[in-house]
Each structure stands twice: as C-alpha cells, then as structure tokens.
Amino acid sequence: MTDRRNFLRRALAGSSTLLLSGCYDLSQKPWFTGLLGQVEHLTQAAQHVFAGPHALAPEYSKQDIAPVFRANGTLDPGTADYAAHVASQFRNWRITVGGLVSHPLSLSMDAIRKMPARTQITRHDCVEGWSCIGEWTGAPLAPVLAAAEPKPNARYVIFYCADPMTAEGDPEHYYYESLDLAEAMHPQTILAYRLNNQDLPVAHGAPVRLRAERQLGYKQPKYVQRIELVEDFSRIGGGKGGYWEDLGYTWYGGI
Ligand SMILES: Nc1nc2c(c(=O)[nH]1)N[C@H]1C(S)=C(S)[C@@H](COP(=O)(O)O)O[C@H]1N2
Ligand SMILES: [Mo]
C-alpha cells in the first residue's frame, strides 16, 4: 500500500510543475485521499496503473515510429461547426471541464499548449487488428483535473467529442468515452495536440485528442470538447460509458 501511495505521489508530482510548486496540495483534498483509499479495492484497470512492472505503458524510440500513422474511425467530423474551427485554425476551440468538480474550467488551446507538456512514443492498438507507433505530445490530464478539484464522489471522467456518429434514429449521437479517475490521473494520460512533432491532423482528432496509453484504440477519443466528472455513467448515452461500449465493446479496454 505504501509503495503504491508513493508511486502515485511521484507520478503526480512528476506530471506538472503546478504540482511541484505546491499550488495543489493533493494530499489535503478529500477526492485525492479517497482515490488513495480506493487503491485497496483495485479494479483490473487500476492494477495496471498502480501495480507491478507494467505500471507504465512501454515507450519506444524515434526509430520505432511508423512512417505513416494509420487513422481510423472518424477522419473528419464533417459538421459546419467543425469546419469553422478548421478555418480559424482552432483559435476558438475550448475544452470545458465540469460535472462533479469544485472549479469548472474552460481551457483555450493556447492555455492547453502553455501547460507543462509530456512527449511519449507509444504503440496504439486497435481491436480491429492493427497497431502503430507514434510520438504524442500534450498536456497531462492529472493537473487539469487537479485544477478543477474533483468532488469526493467523482469516479469517472467522460470525454465528449465533436464528431456525430449518425447512429440510426439518433442524429445527435456523438462519439464519447470514459475512464475511471485512476486511469485519467495516470502520468501517460495526456490531452495530445501534436503527433510526430506536427500539429495534430484532422484525421487524428485535431486540435486535441486524449491519449491513455494503457488503453485500446477506442478508449482514445479524438476531437475532445468537453470533459465531465461523474459518479456513474448509467444515464449518459446508452449507459455503458462510451460510443463503442454502447454497441457491445467492454468498458475496460486495458491492454
Ligand atoms: N471522436 C472519435 N474518437 C475516436 C474514434 C472515432 O471514431 N471518433 N475512433 C477510435 C478508434 S476505434 C481508434 S482505433 C482510434 C484511431 O485513432 P487514429 O485515427 O488517430 O489512428 O481513435 C478512437 N477515437
Ligand atoms: Mo479502434
């Protein structure tokens, strides 16, 4: 228990100078001590995050990067709203953080780019049977969530995307995903705005997509606009925690 607790402290401290500068003393926050308490009741996902030799997803070297990173799922959201964002170089794109938080946030891309960044070369695994190694740069999600101050009952983080999936009979059905708080706070979980040292292309989720490196491809939402902390996701979408989950994929998408 003590080792895990220290690991989490180190992981969080390493992920942000905001944390290092002591602006957020996580150990004083009820939601954080709650999270530590939950470590005793680990889900399968949290096991990967906190325990054992595979606490971090493997990271690779520059030579391993695929010459072309394959794109999958939505390649362009195709809405008038999104086209306007492309035309203005995403100047007005924001990510809001709300739900069970004490300090709701609305972050511009500028603000996200100014946060401490992390770069990681990782392997993306899609359940359709392909993998690709790429270099992702982005803002770690942990300090963003810390700044929003999750309430003690917050357990999951929902990511809402800008691409409609045009499900039959449901014109308002957009891609969405969710992670538990532990996976969301993992040091390799970032709001990524660069791929292979270039601004994120539209096909890969411009201007910003989530990378949660212990997770399968469908758990990496592109075109993220809204983040919501919730106690459970039974009343969101089809109730299973994600677009693909609602269609039968398992919610736990750990590798
Ligand atoms: N918004 C959104 N996010 C998404 C998808 C999508 O269709 N829409 N597809 C998912 C799937 S199944 C995979 S494999 C990856 C593909 O990411 P890539 O296009 O950058 O390779 O994005 C995931 N995130
Ligand atoms: Mo996928």
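A residue is near a molecule if one of its heavy atoms lies within 4 Å of it. In this predicted model, there are 22 residues around ligand 1, and those that come nearest are Arg70, Asn72, Asp163, His204 and Lys222. Ligand 1 sits in the largest pocket, and the protein buries 99% of the 530 Å² that ligand 1 exposes when taken alone.

**Contacts of ligand 1**

- A polar backbone atom of Arg70, one of the residues that come nearest to ligand 1, is 2.7 Å from an oxygen atom of the ligand.
- His204 also belongs to the residues that come nearest, and here a polar side-chain atom is placed 2.7 Å from an oxygen atom of ligand 1.
- For Thr74, the atom concerned is a backbone N or O atom, which lies 2.9 Å from an oxygen atom of ligand 1.

**The shell around ligand 1**

- Two elements give two or more residues to the shell around ligand 1, namely strand E3 (118-126) and strand E5 (156-164).
- When the residues of this shell are divided by class, 11 are nonpolar, 7 are polar and 4 are charged.

**The largest pocket**

- The pocket in which ligand 1 sits is the largest pocket, and its volume is about 310 Å³.
- The largest pocket is lined by 23 residues, of which Asn72, Gly73, Tyr175, Gly217 and Tyr218 are the closest to its centre.
- By class, the lining of the largest pocket is made up of 11 nonpolar, 7 polar and 5 charged residues.

**Backbone features**

- Most residues other than glycine have a negative phi, and most peptide bonds are trans.
- The peptide bond that joins Ala206 and Pro207 is cis, with an omega of about 0°, and Pro207 has its place in the loop between strand E8 (198-199) and strand E9 (209-212).
- Phe90 is not a glycine and yet has a positive phi of about 60°; this residue lies in the loop between helix H5 (80-87) and strand E1 (94-99).

Technical notes: Residues numbered from 1 in each chain as written. Chains lettered and ligands numbered in written order. Predicted model: local features only at pLDDT ≥ 70, side-chain atom pairs only at ≥ 80, totals over all residues. Heavy atoms only, no water. Polar contact = N/O pair within 3.5 Å; in protein donor to acceptor, adjacent residues only side chain to side chain. Areas by Shrake-Rupley, 256 points an atom, 1.4 Å probe, with all protein chains shown as cover. 1 Å grid on protein atoms, 1.4 Å probe; cavity = no way out; pocket = protein on both sides within 12 Å on 5 of 7 lines; lining within 4 Å. Sits in = over half its atoms within 2 Å of the grid points. Helix = DSSP H or I, 4+ residues; strand = E, 2+ residues; numbered from the N terminus. Nonpolar A, V, L, I, M, F, W, Y, C, P; charged D, E, K, R; others polar. Points joined across faces, edges and corners; volume = space filled by probe spheres on them.
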